[in-house]
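The following exercises ask you to read a protein structure step by step.

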Amino acid sequence: MAENWLVLDALGAAGEVGEALRKAVQGEAASRGVSCRFVSIPSSGLPSCRGCFSCWTKTPGQCCMADDGLGLSAAIAGSTSLVLLTPVVLGGHAPGLRLAMERAVLPNLLPYFSKVDGRSRHPNRYPAVPALYGIGLTVERDPESAQLFCSLVARNAANMRSPRHGAGVACRADGEAGAAAVVRSVLSDAVQPDARPRLIVALVGSPKPRGGVSATLANHVQDWLTRHGAVVRPFSLAAARQDEEAFVALAEALGEADAAYLSFPVYADAIPGAAVEVLERLCAYRREIAPDRPQAFFAVANCGFPEPVNCDAPLAMCRLFARQAGFAWLGGVGVGGGGMYEGRPLSSFGFLSTTARRALEAKAALLLSPPPPDLAQTGDILVPCPLPDRVYQWMADRGWQKALAGKDAVRDALARPYAVPGASS
């Protein structure tokens, strides 16, 4: 089959930036000598799929409603690439385009199930399957919506069994040049990928001078990323809080990075106040000087209690930071029983740290993949203490008793220096 592109255009009257997206797609097709057919998708769309499955059982391969949906199914089956142009609505396609896809794609699949990469899919009705590319348009920069849109395109491609896919989101604020750059990036599967290593910024949010458990966890991620070809630049939020030059160096490094991650201890059910102070300043800085590329972010919270659920609120705070600072949120890792991992490399704890290491490495791997990951990979991972609660508590109590022992005498752990004289005990 000669290469040909089918463009489902739901942009409507999208102004100059929308026209720039259309022209950029036409230009990419012309530069490759590919025929390109545009089909305008109205905002009202086709009548909704009724879920009757007649296209599988009564009229195999054809929708039972005789309207424009039949022509779209035929056009998709006869194309080598399907390009979607759409405003981003609730992180997905415009309703009219959604209706068209629901009506047009299902008849081109078979009803049977097959397993692909551990997930159930439908086989394709036709031997040749088009590549799928999605190009969205937003009014303002919205990393969360962009991440969801790209993930949905990836899932659509998996369901269609497309051999290739790509997705990106343009913003009206970026103008016509920015829109054209997004189109080039999405449709560049024939272009050599960028060979430079991924630049990752590692943030340690512990107020301790040497970082404690937070540094142990951050260093494990750094070592894994370095072994896999990334360049990692570590920064201490405590140092950035105390020194203006250190803060500016951190903010500038984040602007240049492809991704970042934060490791911190849980203080009073939240991110430590000193770290929050720096994160708040970074949000303000990045609102003034926005990054020129999509960036991803995940966080690692460690709690002294054995239950990792204590990390849920601070990780939710990190998700809000990611949104306000313009990062795509990749989820977090909540580590219970953080005191287990004090003072030594994580790998030195052997099987006791296996679950923690796997969780950290799973998140680290997301930083190395330029396309946004499947949303299933961006949830929080909770890592329970590897010891039974009673054993962990006994070890912790022994540690406090040892710390209370001074050189001359044992300090009174039950001292009440602020007790009111004469008050009942």
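**Exercise 1. State how many cavities of 30 Å³ or more the structure holds, and describe the lining of the largest cavity.**

Solution. Step 1: On a 1 Å grid over the protein atoms alone, a cavity is a set of points where a 1.4 Å probe fits but cannot get out, and lining residues have an atom within 4 Å of a point. Grid points are joined across faces, edges and corners, and a volume is the space filled by probe spheres set on the points. The structure holds 2 cavities of 30 Å³ or more.

Step 1: The largest cavity contains about 120 Å³ of space. It is lined by 14 residues, and the closest to its centre are Cys-49, Arg-50, Cys-52, Cys-55 and Cys-63.

Step 2: Helix 2 (54-57) and helix 4 (95-105) are the elements that give two or more residues to this lining. Helices (H or I, at least four residues) and strands (E, at least two) are DSSP runs, numbered from the N terminus.

Before continuing, note that the model is predicted: local features need pLDDT of at least 70, side-chain atom pairs count only at pLDDT 80 or more, and totals for chains, interfaces and linings use all residues. Residues are numbered from 1 along each chain as its sequence is written, and side-chain values use heavy atoms, with hydrogens and water left out.

**Exercise 2. Determine in which order the 5 strands of the open sheet stand, and which strands are at its edges.**

Solution. Step 1: The order is 2-1-3-6-7, with parallel pairing; two strands pair if DSSP finds at least two bridges between them.

Step 1: Strand 2 (35-40) and strand 7 (165-171) are the edge strands; each has a single partner strand, so one side of each has no neighbour in the sheet.

Step 2: On average, neighbouring strands of this sheet are turned by 15 degrees against each other, direction ignored. Axes are lines fitted to C-alpha atoms, for helices over the stretch in contact, and angles run from 0 to 180 degrees between N-to-C directions.

Step 3: Strand 6 (residues 131-138) is joined to strand 7 by 7 bridges in the parallel sense. Within this pairing, Gly-134 has Ala-167 of strand 7 as its bridge partner.

**Exercise 3. Describe the surroundings of strand 8: is it mostly covered or exposed, and which strands pair with it?**

Solution. Step 1: Strand 8 is mostly covered, as 6 of its 6 residues are buried (buried means under 20% relative accessible area, exposed over 50%, partly exposed in between, with a 1.4 Å probe and protein chains only).

Step 1: In a regular strand the side chains alternate between the two faces of the sheet. Here Leu-199, Val-201 and Leu-203 point one way, while Ile-200, Ala-202 and Val-204 point the other way.

Step 2: Strand 8 pairs in the parallel sense with strand 9 (residues 231-236) over 6 bridges, and 5 bridges join it to strand 10, also in parallel. Val-204 stands opposite Ser-236 in strand 9, and its bridge partner in strand 10 is Ser-263.

**Exercise 4. Identify the residues with the most contacts inside the largest nonpolar core.**

Solution. Step 1: A nonpolar core is a set of buried Ala, Val, Leu, Ile, Met, Phe, Trp, Tyr and Cys residues joined through side-chain atoms within 4.5 Å.

Step 1: The largest core has 34 residues, and those with the most contacts inside it are Val-201, Leu-250, Leu-262, Leu-282 and Phe-297.

Step 2: A second, separate core of 33 residues includes Leu-225, Tyr-261, Phe-298 and Leu-366.

How values were computed
On a 1 Å grid over the protein atoms alone, a cavity is a set of points where a 1.4 Å probe fits but cannot get out, and a pocket is an open set with protein on both sides within 12 Å along at least five of seven lines; lining residues have an atom within 4 Å of a point.
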